[in-house]
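This report goes through one protein model, with the cut-offs stated where each term comes up. The sequence and coordinates are shown below.

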Amino acid sequence: MPVEITWWGHATCTVEDSGVRVLTDPLFARRLAHLRRRRGAVPPPEAAVADVALVSHLHADHLHLPSLARLAPGTRLLVPRGARRAVPGFARLARLRGLPVTEVAPGDEVAVRDGVRVRAVSARHDGRRLPFGPQLAPALGYVVQGAARTYFAGDTGLFDAMAGEVGPVDVALLPVGGWGPYLGPGHLDPARAATALAGLAPSAAVPVHYGTYWPIGLDAVRPHEFHAPGEEFARRAGLLAPKVTVRVPGHGERVRLP
């Protein structure tokens, strides 16, 4: 059975495999602090329907409390180990909304249902709850293992052990940009994401984490960093990993893979 991926924008995707809906880094906001949603409508209510939601790290554009509050009671949350004590209000929100929380670290594997399992893997990213606070929880990626094996990288830089730790996968959801005109360390741009893709060697890939949010007032500053990363990743992937099928969906578009 193929897997279906819906990209809602930024790092938010629905992975549908074997009748199980897995939601990644839910972010349903029109505005977040100094960021404004510049492309794609705010996701509809059905985007918040999931059996399990995966949170890759504690930054507010990945662990977003108002968006988690939109999930139906009973939706399971997988979060980095330490998230409940690191993020003020998170444990209380989960308790009040009836969202069971499982904290995981790299190597942990959790059964969801109907034979679908999720395995946490490492990421290279500053996973602290900014703008302050100690490093209390790791940044993670996840591998959803059902009829297909889907790697959601979260937010990460390129690292030597990536392909070995992730293992064989069929689909890779890779970050290729960000929300501002410059990417700091611990991120993938189109070139580095294509290099990661060549090492992972999945059957198919989808670029994410670009082209949704942009700082207010910076519309004219390096606009190509906002618009271009998805297609630039596809171009570079064609050179470095020509056997991989790359799909570049629009906001809210569902693609069927592999």
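The model is predicted: local features need pLDDT of at least 70, side-chain atom pairs count only at pLDDT 80 or more, and totals for chains, interfaces and linings use all residues. Residues are numbered from 1 along each chain as its sequence is written, and side-chain values use heavy atoms, with hydrogens and water left out.

**Nonpolar cores**

A nonpolar core is taken as a set of buried Ala, Val, Leu, Ile, Met, Phe, Trp, Tyr and Cys residues joined through side-chain atoms within 4.5 Å. Buried stands for under 20% relative accessible area, exposed for over 50%, and partly exposed for what lies in between (1.4 Å probe, protein chains only). The largest core has 51 residues, of which Tyr142, Tyr151, Leu197 and Phe233 touch the most other members. Helix α5 (residues 190-200) supplies the largest share of this core, five residues. Helices (H or I, at least four residues) and strands (E, at least two) are DSSP runs, numbered from the N terminus. Apart from this core lies another of 24 residues, among them Ala47, Leu58, Leu68 and Leu93.

Contact is defined as heavy atoms within 4.5 Å. Not counting residues up to four places away in sequence, Tyr151 touches Val121, Tyr142, Val143, Met162, Val166, Val169, Val171, Ala172, Leu173, Leu174 and Leu200.

Helix α7 (residues 229-240) has 12 residues and reaches 16 Å from its first C-alpha to its last, close to the 16 Å expected at 1.5 Å a residue. That expected span is 1.5 Å times one less than the number of residues. Pro229, Gly230, Phe233 and Ala237 are the buried residues of α7. They lie on the same side of α7, because they cover an arc of only 95 degrees around the axis. The arc is that of the directions from the helix axis to the C-beta atoms. These buried residues pack against β13 (171-175), α5, β14 (204-208), α6 (224-227) and β16 (245-246). Exposed residues Glu231 and Leu239 sit on the face of α7 turned away from its buried side.

In helix α3 (residues 90-97), the buried residues are Phe90, Leu93 and Ala94. They cover an arc of only 95 degrees around the axis, which puts them on the same side of α3. Their cover includes α1, β7, α2 and β8. Arg92, Arg95 and Leu96 are exposed on the other side of α3. Just after α3, Gly98 has a positive phi of about 70 degrees.

**Salt bridges**

A salt bridge is counted when a side-chain nitrogen of Lys or Arg is within 4 Å of a carboxyl oxygen of Asp or Glu. By this rule there are 13 salt bridges. The table gives three of them.

| Pair | N to O distance |
|---|---|
| Arg81 and Asp108 | 2.7 Å |
| Glu103 and Arg84 | 3.2 Å |
| Glu232 and Arg236 | 2.8 Å |

What does the salt bridge of Arg81 and Asp108 tie together? Arg81 lies in the loop between β7 (76-80) and α2 (83-86) and Asp108 in the loop between β8 (101-104) and β9 (109-113), so the pair ties together parts that are 27 residues apart in sequence. Arg81 is partly exposed at 44% relative accessibility, and Asp108 is partly exposed at 25%.

Glu103 is in strand β8 and Arg84 in helix α2, so this pair ties together parts 19 residues apart in sequence. Arg84 is partly exposed, at 39% relative accessibility.

Glu232 and Arg236 both belong to helix α7, four residues apart, about one turn of the helix. Relative accessibility is 24% for Glu232, which is partly exposed, and 32% for Arg236, also partly exposed. Salt bridges that share partners also join Glu4, Glu16, Arg21, Arg254 and Arg256 into one network.

Glu165, in helix α4 (residues 162-166), is partly exposed with a relative accessible area of 25%. Leaving aside neighbours within four places in sequence, Glu165 is in contact with Pro106, Arg119, Val121, Ser122 and Phe159. A polar atom of the Glu165 side chain lies 2.7 Å from the backbone nitrogen of Ser122.

His59 is in the loop between β6 (52-54) and α1 (65-68) and is buried, with a relative accessible area of 11%. The side chains of His59 and His125 are joined by a polar contact of 3.5 Å. A polar contact is a pair of N or O atoms within 3.5 Å; within protein, one must be able to donate a hydrogen and the other to accept it, and residues adjacent in sequence count only if both atoms are side-chain atoms.
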